[in-house]
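Subject: Structure for you, with notes

Hello,

Here is the structure I said I would pass on. My notes on it follow below.

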Amino acid sequence: MKEIDFETEITNMQNCRDFFQSNPSIYVPQVYHQYSSPRICMMEFIHGIKASNISALQKEGIDTRQVASLCIEAFSRMIFQAPFLHVDPHAGNLFVRFIPGSTKPQLVLLDHGMYNYPQPGFTEFMQELWLAMVKQDRKEVERLCRIYGMEKYGQLLSLSLTGRSLSSQNK
């Protein structure tokens, strides 16, 4: 029910917009509060390309490596610095366009209905887990995952978050 409560979405959207305000490479559309309600979220229309549409990005001259870097930056900052996390980051919610008046790509974050506001200590936990995954320390990843009952998913988490398994030879 929270995802279809647009007041919740508007609050999440404004929190995210404020958080990334100083970074022109990551953008959250403006909300038109005077036209919004619990049943309607009126926001700025954004022309963009889905982050997963590689051929369209290349056709527009957008470097896909820069797009990947922006995605990593946005979600790493939310995981490690923000008091919230956008938990619906599929390609339909990630648009790419040029920063207005520039030739640099801009990541546009959409659909702010599902957010997680982690408990105190979660950021530190994620920092430890990330470091253990990057170091490919299987025992530490398992120990940390056990805290949340996810010990059997450590390998999958490492693969999805770092692009390599805990047993990869490329350290």
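Which side chain meets that of glutamate 140 in a salt bridge? The partner is arginine 143, with 2.8 Å from N to O. Please keep in mind throughout that this is a predicted model.

**Salt bridges**

Glutamate 140 and arginine 143 are both in helix α5, three residues apart, and about one helical turn separates them. Glutamate 140 has a relative accessible area of 24%, so it counts as partly exposed. Arginine 143 is also classed as partly exposed, with a relative accessibility of 36%.

Arginine 143 has a second salt bridge, to the side chain of glutamate 128, at 3.6 Å from N to O. Here the partners come from two helices: arginine 143 from α5 (residues 138–147) and glutamate 128 from α4 (residues 122–134), so the contact ties together parts that are 15 residues apart in sequence. Glutamate 128 is partly exposed, at 40% relative accessible area. Taken together, Glu128, Glu140 and Arg143 make up a network of salt bridges.

The count of salt bridges comes to three. Aspartate 63 and arginine 65 form one of them, and their closest N and O atoms are 3.4 Å apart. Aspartate 63 is partly exposed, with 26% relative accessibility, whereas arginine 65 reaches 64% and counts as exposed.

As background, nonpolar side chains in soluble globular proteins tend to be buried together. In this model the largest nonpolar core holds 27 residues, and Phe20, Met78, Leu107 and Leu109 have the most contacts inside it. Two or more residues of this core come from each of α1 (6–20), α3, β4 (94–98) and β5 (105–109). The most come from α3, which gives six residues.

Leaving out residues up to four places away in sequence, phenylalanine 20 touches Ile26, Ala74, Arg77, Met78 and Leu109.

**Strands**

How many of the residues of β5 are buried? Five of its five are, so the strand is mostly covered by the cut-off of under 20% relative accessible area. The cover is on both faces: Pro105, Leu107 and Leu109 are buried on one side, and Gln106 and Val108 on the other.

β5 pairs with β1 in the parallel sense over two bridges. In that pairing, tyrosine 27 has valine 108 of β5 as its bridge partner. β5 also runs antiparallel to β4, and five bridges join these two strands. Valine 96 is opposite leucine 107 of β5. The hairpin of β4 and β5 has six residues between the strands, and in it glycine 101 adopts a positive phi near 80°.

**Glutamate 73**

Glutamate 73 sits in helix α3 (residues 64–80) and, at 31% relative accessibility, is partly exposed. Its contacts are with Asn23 and Ile26, not counting residues up to four places away in sequence. Glutamate 73 and serine 25 are separated by 48 residues in sequence, but the distance between their C-alpha atoms is 9.7 Å.

**A surface patch**

Tyr35, Ile40 and Met42 make a nonpolar surface patch of about 310 Å². Of these residues, tyrosine 35 is placed in the loop between β1 (26–27) and β2 (49–50). Tyrosine 35 counts as exposed, with a relative accessibility of 54%.

**Where to look**

Regards

Note on methods
Residues numbered from 1 in each chain as written. Predicted model: local features only at pLDDT ≥ 70, side-chain atom pairs only at ≥ 80, totals over all residues. Heavy atoms only, no water. Salt bridge = Lys/Arg side-chain N within 4 Å of Asp/Glu carboxyl O. Buried < 20%, exposed > 50% of the residue type's maximum accessible area, 1.4 Å probe, protein only. Helix = DSSP H or I, 4+ residues; strand = E, 2+ residues; numbered from the N terminus. Contact = heavy atoms within 4.5 Å. Patch = residues over 30% accessible without salt bridge, like charges linked within 9 Å, V, L, I, M, F, W, Y side chains within 5 Å. Areas by Shrake-Rupley, 256 points an atom, 1.4 Å probe, with all protein chains shown as cover. Core = buried A, V, L, I, M, F, W, Y, C linked by side-chain atoms within 4.5 Å. Pairing = 2+ DSSP bridges.
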